[in-house]
Amino acid sequence: MISLLIVNYRSAPLAAEAIRTAREGTREPLQVIVVDNGCDEADALRPFADIVITPPRNLGYAGGINLGRRSCEGKTLIVSNPDVKFAPGALDRLHGVLDEKTAVAGPALYWDDAFEWILPPADLDTTLEKLDQVLASRSRRWFEQRDERRIRRRLAFWSLKDVTEVRALSGAVMAIRAEDFDAAGGFDERFQLYFEEIDFLRHMAALGKRIVYVPDAKCRHLYNQSAGQDSTAAGAAYARSELQYLEKWSGPFAARALKRLERVPSIPEPMRWEGPIAIESDHVLVEVSPLPSFTTAAGHFPRTKSVDLPPEVRSTVRQPLYYRVRSITPTRPRP
């Protein structure tokens, strides 16, 4: 059995759709547990889930996962945000790659229903990676060099066709062997929101377990739909969790030094997405991001001379979007 474990936060309609696509898309027996994190949506979720848990207060994502785990009967846990839609076969493929050596698997994540706008690889945010980010925040030249390295890494990731061992995965959807989840002690509940998944993955790696990316397991991730409902609170939660994470893995002195040195990058504002764009070359990458730094961005490899964002993306992203078009090597495979 697979146990799908969703932590819901003011997102009952999205959670219901996630459950529907999961049930329709798997051949394996599926148990569905939803932890309604203190948001009074339990009644709306009960028709869709096998078990709905209502904690007395908001436990955060990590606390919700740990609480829900106690009710999971499956040997595989699919821990998921509510703002996800599963393609047919996605859960089965994730479940199928787990074994005694492979503890965690993650799918290819997309912005759209047609699976053409693919999301980038996750970062582990090690001390060196954070230092690289800090230097980029203080130096325009370093920022540009870092951006080029990041694009090359994204292109390599987006061209993957086979199951591949990786260091980090997005926390939006992860398949975890229940036995390994328990051996690691679950998620660290000090992380109320953000960084709990990469903290967990570092523990898995320390236990000698493999973490893999499964490109033919596809899911749509609706960008920041639950956490992003209050952008101010989400930003504060991110900053707080990042400092906690750096203190835990880099040490308090290094963590605070890095945060003191960090600046808001001074970069020209890129083009804002305002409608369809013309494509003048046959071999380009179009990146679209809610951030002018393109720290996170969806990538698209167009096959037509005009590109527009799908309506389901435009209707779910609340903030302005930026875009850029880059030439790529003609022989590079497309997802």
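# Reading a predicted protein chain

Tutor: Of the 335 residues of the protein chain, 54% count as buried. Buried means under 20% relative accessible area, exposed means over 50%, and partly exposed lies in between (1.4 Å probe, protein chains only). This is a predicted model, where local features need pLDDT of at least 70, side-chain atom pairs count only at pLDDT 80 or more, and totals for chains, interfaces and linings use all residues. Residues are numbered from 1 along each chain as its sequence is written, and side-chain values use heavy atoms, with hydrogens and water left out.

Student: How many helices and strands does the protein chain have?

Tutor: Start with the rule. Helices (H or I, at least four residues) and strands (E, at least two) are DSSP runs, numbered from the N terminus. Here the protein chain has eleven helices and 15 strands.

Student: What radius of gyration would a compact globule with 335 residues have, and what does the protein chain have?

Tutor: The radius is taken over C-alpha atoms, and the globule rule is 2.2 Å times the number of residues to the power 0.38. For 335 residues, a compact globule would come near 20 Å. The protein chain has 20 Å, which agrees. Along the principal axes, its C-alpha atoms fill a box of roughly 50 × 50 × 40 Å.

Student: What share of the contacts joins residues 24 or more positions apart?

Tutor: Contact means heavy atoms within 4.5 Å. Take the contacts with a separation of 6 or more: residues 24 or more positions apart account for 80% of them.

Student: Which residues touch the most other members of the largest nonpolar core?

Tutor: First the general idea. In soluble globular proteins, nonpolar side chains tend to be buried together. A nonpolar core is a set of buried Ala, Val, Leu, Ile, Met, Phe, Trp, Tyr and Cys residues joined through side-chain atoms within 4.5 Å. The largest one here has 47 residues. Leu4, Ile78, Phe86, Trp111, Trp117, Trp273 and Val288 touch the most other members. Helix H1 (residues 12–25) gives the most to this core, with five residues. Another core, of 37 residues, lies apart from it, and includes Leu67, Leu155, Trp158 and Phe187.

Student: Which residues form a nonpolar patch on the surface?

Tutor: Patches are made of residues with over 30% relative accessible area and no salt bridge; like charges are joined within 9 Å, nonpolar side chains (Val, Leu, Ile, Met, Phe, Trp, Tyr) within 5 Å. Accessible areas come from the Shrake-Rupley method with a 1.4 Å probe; for residues, only the protein chains shown count as cover. In this model, Leu128, Leu131, Leu135 and Trp142 form such a patch, with about 360 Å² of accessible area together. Helix H5 (residues 127–138) gives the most to the patch, with three residues. Leu135 is in helix H5. At a relative accessible area of 31%, Leu135 is partly exposed.

Student: How many salt bridges does the structure hold?

Tutor: A salt bridge is a side-chain nitrogen of Lys or Arg within 4 Å of a carboxyl oxygen of Asp or Glu. The structure holds 34. One of them joins the side chains of Arg93 and Asp216 (3.7 Å, N to O). Arg93 lies in helix H4 (residues 90–97) and Asp216 in strand E9 (residues 210–221), so the pair ties together parts that are 123 residues apart in sequence. Arg93 is partly exposed at 35%, and Asp216 is partly exposed at 42%.

Student: Which helix holds both Glu144 and Arg140?

Tutor: An α-helix has 3.6 residues a turn, so residues three or four places apart point the same way. Glu144 and Arg140 are four residues apart in helix H6 (residues 140–158), so about one helical turn separates them. Their side chains meet in a salt bridge (3.3 Å, N to O).

Student: Is Asp188 buried or exposed?

Tutor: Asp188 is buried, with a relative accessible area of 14%. Its salt-bridge partner is Lys248 (2.8 Å, N to O). Lys248 counts as partly exposed, at 31% relative accessibility.

Student: Which residues does Arg146 touch?

Tutor: Leaving out residues up to four places away in sequence, Arg146 touches Asp132, Gln133 and Ala136. Arg146 is found in helix H6. At 17% relative accessibility, Arg146 counts as buried.
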